[in-house]
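This briefing walks through one protein chain. It takes the strands and their partners, then the charged side chains, then the chain as a whole.

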Amino acid sequence: MRVMGVDPGLTRCGVGVVEGAPGRRLSLVHVSVVRTAPGDEVALRLLGIETGIEALVDELRPDAVAVERVFAQHNVRTVMGTAQAAGVAMLVAARRGLPVALHTPSEAKAAVTGNGRADKAQVTRMVTRLLALDAPPTPADAADALALAICHVWRGGARDRLARAQKTRIEQAAEAERARLAARSRGGTSE
């Protein structure tokens, strides 16, 4: 499975792509940061983020996109920009029919370090180790994007299997109900 992780931000939007499967070795496909100028209007910055992510999705062809779930911060302006950038990433994925998952920072930290309260240095060290990189990815936004992608490979796969199993059970129950109603309408009872 190839997963693109996106650490949203208006100035620096981290993008990391990893390939792997639960219980298997992970490999780095790509890591970068889409940057926009703080002095530009928000609409132009969002357009820049969209253009950058679109180009990477089209080039790297991920199977899924994992975006950091925006959480409440004290600075409303910062959280708004982060949420807008997250929305752009989700929109780019949705346009291409790619599944989108949202993971909290704590989920990503726990997935790569075992501790949902790990600091950025710990996350970067573990991402570097897990992907067998020669040097840590920089800036922190890039490492965070890779942590999101790793989190989705390891946790999202299980979540997807559970969702498919649940869907199968729902489909089976619906089929049984249709059969029961069909038998009932034919005059027989199946109750």
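**Sheet and salt bridges**

Ser-27 in β3 is the bridge partner of Glu-19. The model is predicted. Glu-19 belongs to strand β2, and β2 (residues 12–19) pairs with β3 in the antiparallel sense. Eight bridges join these two strands.

**The sheet**

- The sheet is open and has five strands.
- Their order is β3-β2-β1-β4-β5, and the pairing is mixed.
- The edges are held by β3 (27–35) and β5 (100–103).
- Each edge strand has a single partner strand, so one side of each is left without a neighbour in the sheet.
- Neighbouring strands are turned by 20° against each other on average, direction ignored.

**The helix on the sheet**

- Helix α2 (residues 76–95) packs on the sheet.
- The strands touched by α2 are β1 (2–7), β4 (64–68) and β5.
- The direction of α2 makes about 170° with that of β4.

- Side chains of opposite charge can pair when their charged atoms come close.
- Glu-19 also forms a salt bridge, with Arg-2 as its partner.
- The closest N and O atoms of Arg-2 and Glu-19 are 2.8 Å apart.
- This pair links distant parts of the chain, with Arg-2 in strand β1 and Glu-19 in strand β2.
- The two residues are 17 residues apart.
- Are these side chains buried, partly exposed or exposed? Arg-2 counts as partly exposed, because its relative accessibility is 22%. Glu-19 is partly exposed too, at a relative accessible area of 31%.

- Arg-96 and Asp-58 meet through their side chains in a salt bridge of 2.7 Å, N to O.
- Arg-96 lies in the loop between α2 and β5, while Asp-58 lies in helix α1 (residues 42–60).
- The pair links distant parts of the chain, 38 residues apart.
- Arg-96 has a relative accessible area of 31%, so it is partly exposed.
- Asp-58 is partly exposed as well, with a relative accessible area of 36%.
- Both residues belong to a network of salt bridges that also includes Glu-50, Glu-54 and Arg-95.

- Glu-175 and Arg-178 form a salt bridge, with their closest N and O atoms 3.0 Å apart.
- Why are these two residues separated by about one helical turn? They are three residues apart in helix α5 (residues 140–185).
- Glu-175 counts as partly exposed, with a relative accessibility of 44%.
- Arg-178 is partly exposed, with a relative accessible area of 48%.

**The chain as a whole**

- How many salt bridges does the count come to? The count is nine.
- The protein chain has five helices and five strands.
- Along the sequence, the pattern reads β-β-β-α-β-α-β-α-α-α.
- The protein chain has 191 residues, and buried residues make up 39% of them.
- Of the contacts with a separation of 6 or more, 62% are between residues 24 or more positions apart.
- The protein chain exposes about 10500 Å².

Note on methods: Residues numbered from 1 in each chain as written. Predicted model: local features only at pLDDT ≥ 70, side-chain atom pairs only at ≥ 80, totals over all residues. Heavy atoms only, no water. Pairing = 2+ DSSP bridges. Helix = DSSP H or I, 4+ residues; strand = E, 2+ residues; numbered from the N terminus. Axes fitted to C-alpha atoms, helices over the stretch in contact; angles between N-to-C directions. Contact = heavy atoms within 4.5 Å. Salt bridge = Lys/Arg side-chain N within 4 Å of Asp/Glu carboxyl O. Buried < 20%, exposed > 50% of the residue type's maximum accessible area, 1.4 Å probe, protein only. Areas by Shrake-Rupley, 256 points an atom, 1.4 Å probe, with all protein chains shown as cover.
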